[in-house]
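Here is a short note to read beside the model. Keep the viewer open as you go.

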Amino acid sequence: MNKKILTFIALCLAGLLTGSVYAQTATLSGKVTDVNSGESLPGANVVLKEILKGSSTDADGNYKITNIPAGTYTLEVSFIGYKKKAQTIDIGSSDITFDIALEADLLGLQEIYVTALGFEANRDEQGTSSSNVRGQEISQSGENNLLTGLSAKAAGVSIVSTSGDPGAGARINIRGFNTVLGNTQPLFVVDGVPVYNSTIESAVDGVGTAVFGGSNNVDGTVEQSRIQDLNPNDIASVEILKGPSAAALWGSRAANGVVIIKTKKGVPTTSNKLNIAFSSISSLNQINETPNLQTRYGQGFLGYAPSDPINGNSSTSRQLTWGPLLDPSTPVYNHARDVIKDGYSLDNNLSISGGDQNTTFMLSVGNLNSEGIIRNNSSYDRTSVRASVQHGFSEKLNASVNLNYSESNSDRIQKGSNTSGLYLGALRTPPDFDNQPALIDYVDPNGNLFPDQQRSFRNPTGNPSVTSFYDNPYFTTKYNTNKSDVNRFFGNTELSYNPTSWLNITHRMGIDNYTDRRQEYLDARSATAPGGQFTANNIQETQINSDLILQASHQFTNEFSGSALLGWNYNQRDQEQLGTISRGFILPDAPAQPDNANSISPFKFKQLERTSALYTELSANLYDQLYLKGTGRMESASTFGPASDKTYFYPSGSLAWQFTSADWYHGDNILNFGKIRGSYGEAGIQPGPYLTSTTFLNATGGNNFLNGWGAALDANNYGGGFRRNQVAGNPALKPEQVREIEIGTDLRFFDDRIGLSFSRYWKKTTDAILNVTVPASSGFTSKFANAAKLKNSGYEVELSAEWLRLSNFSWTTSINWSKNKNEVTDLAGVSNVLLSGFTSFSSQAVEGEPLGVIWGTRWLRYESSDGAPVIVNSQGDIISNNAMTDADGNAIIAGSAPITVDQFGFPVTDPFSQGVIGDPTPDWRAGISNTFKYKNLSLNVLVDIKQGGDVHNGTRGALYFFGTHGDQNWTTTISQEEASQLYNYGGAYDVLGTGQTSNFAQYLANKGVTPDADGNYTFRGYITDYGSGNVVIDETAYWAGPLSSFTGPDEPFVEDGGYVRLREVSLFYTFNNRNFRDLTGLSSIDVGVTGRNLILWTDYTGVDPETNLTGQDGNGWGLDYFNNPSTRSWIFTLRVNY
Amino acid sequence: MKTYIIKNSMVVLLAFMLVMLSACNVNEEIVSGISEDPNNPTDAPAQKVFVAGQVASLLVHEGDADWISNLFTQHLTGVARQPAQFYGYSINATDFNGMWSFAYSRAFTNLKLAEGKLLTGQENIGAVIKINRAMLSGQIAALWGDVPYTQAADDAIENPVYDPQAQVYAAVIGLLDEAIQTLSNSPSNLPNGWDVFSYQGDAERWLRAAYTLRARYKLHTGDLAGALADAEQGINNNTIDPNTGWAAGDLMAPHGGNWRFDMNLLHSELVIDRPGDIDASASVAVTMTRPGGTRENAKTDEGDGRFLFYFTNEATPGLNTNDGGFFGASAPFPLVTYAENELIKAEILARNGDQAGALDALNNVRAYNQSRFGGTYDALVASDFQAGGAYANTTVLQEIYDEEYLSLMGQIEVFNFVRRVAYDSLSPLLNPRSGASTIPQRYRYPQSELDANENIPSPQPGLFTKTQANGG
């Protein structure tokens, strides 16, 4: 053994000496140009591969490499947007001039592949599929959030932005959901080191939730995704590894895929030139889609305005918009746009880079200032600074450091099911009520003055003893504030040592730390927290990551080479939340301070997770056409139960065969490259921390003894007590297991003019963690257990084509298409598990259905024996004789049966159970991008298509109750005779309290309506038939009957959320010709205009269907309930490169 | 060359495997020691767990299990929403999830855990915990019949078996035997901070309560002689405690008026959580205690003292949820009382034919009532029940039952009493709207247990099936 070490050291020394043995050297210089235009290419990389010596071209495209020992080398020239060129070159003792012309790579098919560990590899040798997005595509999108910048750009990657709030986060999901309650987001790795993309959602009280299973906040603010702290302008490329087959090396954090991000680095320049790039991106944001509201009928009910002395003056009448037909002269307001304005943002970025053959650096600074489309208190500002330095101490030792600091400040307005939310009060406001002014002086009957009270449509006088019920949108946007200040530092160091040509040792150290200081302030006059509420919460997360990697490669024979890698990974994540909630302000308008309150409750939460793993990767290359790779990771984590195996092994293997390199394949002009591939991988999803042991809880506050009826006792009032947690810790808890098989092919036709990739995959999750109910008599009520199973399978197709390439004009298209089928196959006997939402409608896991199906109340549908509708009475008892029954004589309820009606003909809510009413899973998704280039002018058009996928429009369901929805502006006239033969809901069920059932004519008479001169009645409503004859649908069917989601089933409010979206249109012109460069001394100037979300074609009737009430963190989706609206943007870009 | 490669590959592979295996342990070492929750402890001392267990028990004795009992016994009237349905005996297995979960996963578990944490020298605390456990399991068995006891809250057992009701009663009596023995031998008071009830750690009062409780459960199981002997040593202090307004010997749960902190749970339910769902509009107790009602005669004039303690004096009497009323926000709640103890004696003596002895005990209660509520409760004598007497139309036993029906008002125990002696067959306690022929005879097993415990009795006994102790 000692002998070997000695040999090793000797070899190392020999290697070090070699550099000084050869005294004779030469210089290589030349010029790099575009083969089509002949223009010189500044900034291209020129490297002698064997000795890793290189340079980059200057402003005139010239390069120079000095001190080259004699020998035969491979000269590689690469430049963004051009195909890489390799050329063998002999260097003797004299200097050589060598010019190179590069061919534009319009499709980007030969890009470098970045492996799970962040190393570069040849894409054509990979046995797994992945999608690559170039940094330029992200920065050109004009999005200041990396995630939304990736929208529609990669197959199998679904990105849903949660709202149009500035800085709003987005939910990313790759190839479907692999877990029920665990994390669904992929792992983000920047420059080889994992970083946070956590989203800690805040409830309306401002407290962040960090619970296993994700939060279920149907209110609060839309939070950021932490990955957006990374300035998109600093990104060089994004590689998306879609699942265990490609990402298994990250073990129990890899099941949802890994997003590998490479940041921009400096490149060597000649004659110490500095590369300076400046960009300025300004944008104009406007509201995109709003729910449709009616402006024809006013506040009130039964057709009377609240001012009506007999029928109007009640709180019900104020609440509803079932009042009189408005006179055309009455001013009306569009409350969906009340507090909406145009938003602007300005994003300036400056980077300086350069270096020589040994050292390169890049410094960049970016400043984003954005104001949202909401009138006040909606903004997102981000300042980021990045420094990146690489230095080669010798040809054997390289060191690099990347540092990133960002500060972001945001102001947000609350959303969702929240009386202080933006849209909840706004959309419910009657069209004839002016929400301005938001404040009013109130004088009580005794003449006492109460200045500056909140005025809302339910409390127009601002009476302080009556709540405003819902905050006036002008009030909520001005006086309720939600601030978040984030300071984040992340960076990494890398030390790489090559003792010999075949061995490399790399160490990477990463640190990621941020503090999110949130302050949520609800004014003392707010509806949600009368008296006021102030929450201060400091959230801090720190992640430390270390990787030590040994790599060796060997060429065994001409036909066989291989490499081996052994690595050790250590990762620690630490989260702490510390804050106070204070309620009841002593001074209503004092600065936000916890001690300005009657009640102050501090809180603290901490969690620490650690992972340690050894991993390996072995690869072999046979005959330069068969590529085999196997990886394995042995991992332990602090979240695995002490009674579990503690260490889990995650293997993967892949095989790629370039059949076009086979001897029998004699080059074909049609198919110039072909590869088939297959892979298998296993990865996991880590359990949440602290689920493995049983805790004792202080039986106070949220852990007090609260029974299901609302009564509670708090042990602190009885001397203080701790009770054992009713949720049992499970020491046998282990990571969820995801196994994936993938097959596919990558083909290129007509000399790389067309590229086609196809992948098919199957994934199975076992041991998914559920909170399983156990008998309470065991001392616990539930226990986390590895109990559920899911599966996913799908197809992905990526096609790129270069239709035209003329000397001045080109047209390329790239299309990605994907389809994923998800199914929850086993829920351990539990029928359904709530993921997010309300008790009425929610997103649930249901056995046999895709994860996240929409669950809610339905129409009653008794199976009929004769096709005629089954008739029931008001109690739901069957009163007709045509209901099909089962063997026990019980009537059968079938989802496919016609709607059951009552004896008057109105539909009836199924009183027995809730069920699946929709599925947010799209049938397929596609992104189609066309790029046209004429000389230096380029036009890119990206269309994003989502086919199918339901959204529950809870907003419409609620507005139907209030009578403000745009559908509800009907006016119908019927004769008195017809009216006396029909029933409306209010007459049938006597909402007027007359003591008897009335037909529509009697009903109208009872409420004081007389027929017009022609003997007709005109009413707000319509006549329809639910299967057993015509009924009158008027307001009573909406606020008392089954047609609104407050009073009836949720089923009718599920809508198709499919869309076709003009996601991006960008037009750019580049000034970079010789004359321009000579004149200005600049390398280039790009000017461009981009439009985002300009056109949306959808049948969805609410806000943009790309929305999710419960944010990024919760596992449920497909719910819309007074979500904040989204935007479309015009973006103007100027880039100057020196 | 080839063998060289193979040989070296084998060495490398072997070395690699060794590294992997040893790294396995190193990795486990590195991640160990931080799996414990830094936010919540994984254990707590006996005192704090006992306090939690007692408070949780109150959610059983005083919570929904209690008001549903009193709906069934027609002390309370359900008029809206679920209480209206329960009042008509329409009550499902899911309606029992909450109280069962509280009884076992909160109360039973923490009392048992607390007992297991005691040290030598804390025997008198152990005795009080046993009394609490007996009171809890006794009521669980009385309400549900066969229930988990021996295997309940045992970490090694996921599906506890259901012990026969008689065995649970025997175990409850056994717990009380031990408590009585301990407290008799060393009657030292508990340190401060352990006892959340009105006794505040007074060992002598706990000993008396233990005797009364043992009498209660012996009576449940038909051991009349044993029950009588225990009642003789049971709660005897009938001076009115000015703090509670009840007898000084009564075991009371103290309350403040703060909602969700220490508010009387019945008040919380009636006034804050479900206002308007429950009233006294059809309460049998109203007709019995109302001034000028059926119980007024030459010997007895209750006046309005007792009536106004429970009800309000209106055309349609309501429940007295005001300060000083039984349902007041900070009204203490009775768990075991002097009146119950005396009435156990009275009932047994009457059933044994000792009319004079029975009347003595009943008269103790009447005297106590008079000192609490005012009015006239003259001592009764045998001749009162003979022709011409004020109670000629009734029997001593029936009068004792009527007094039990009123004295136990508001407690689960009144439901146990009504079922035990079939008081509903003597008085019309049946809800006429229900269509049933008897009032409910037990609580249903909860849905959560039906779903999760494979040992639940099959077939399920119905709501109207008597428990074994009551002849089922």
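Where is the place of Thr74(A)?

1. Thr74(A) sits in strand E5 (residues 71-78) of chain A. Helices (H or I, at least four residues) and strands (E, at least two) are DSSP runs, numbered from the N terminus. This is a predicted model, where local features need pLDDT of at least 70, side-chain atom pairs count only at pLDDT 80 or more, and totals for chains, interfaces and linings use all residues. Residues are numbered from 1 along each chain as its sequence is written, chains are lettered from A and ligands numbered from 1 in the order in which they are written, and side-chain values use heavy atoms, with hydrogens and water left out.

2. Leaving out residues up to four places away in sequence, Thr74(A) has contacts (heavy atoms within 4.5 Å) that include Val47(A), Leu48(A), Ala86(A) and Thr88(A). Gly721(A) is 647 residues from Thr74(A) in sequence, and 76 Å away in space, C-alpha to C-alpha.

3. Now for burial. Buried means under 20% relative accessible area, exposed over 50%, partly exposed in between (1.4 Å probe, protein chains only). Helix H9 (residues 224-232) of chain B has buried residues, among them Leu224(B), Gly226(B) and Asp230(B). Their cover includes helix H8 (203-220) and helix H13 (338-351) of chain B.

4. Lys821(A) belongs to strand E41 (residues 809-826) of chain A. Why does Lys821(A) count as exposed? Because its relative accessibility is 53%.

5. Ile511(A) is in strand E26 (residues 503-522) of chain A. Ile511(A) counts as partly exposed because its relative accessibility is 36%.
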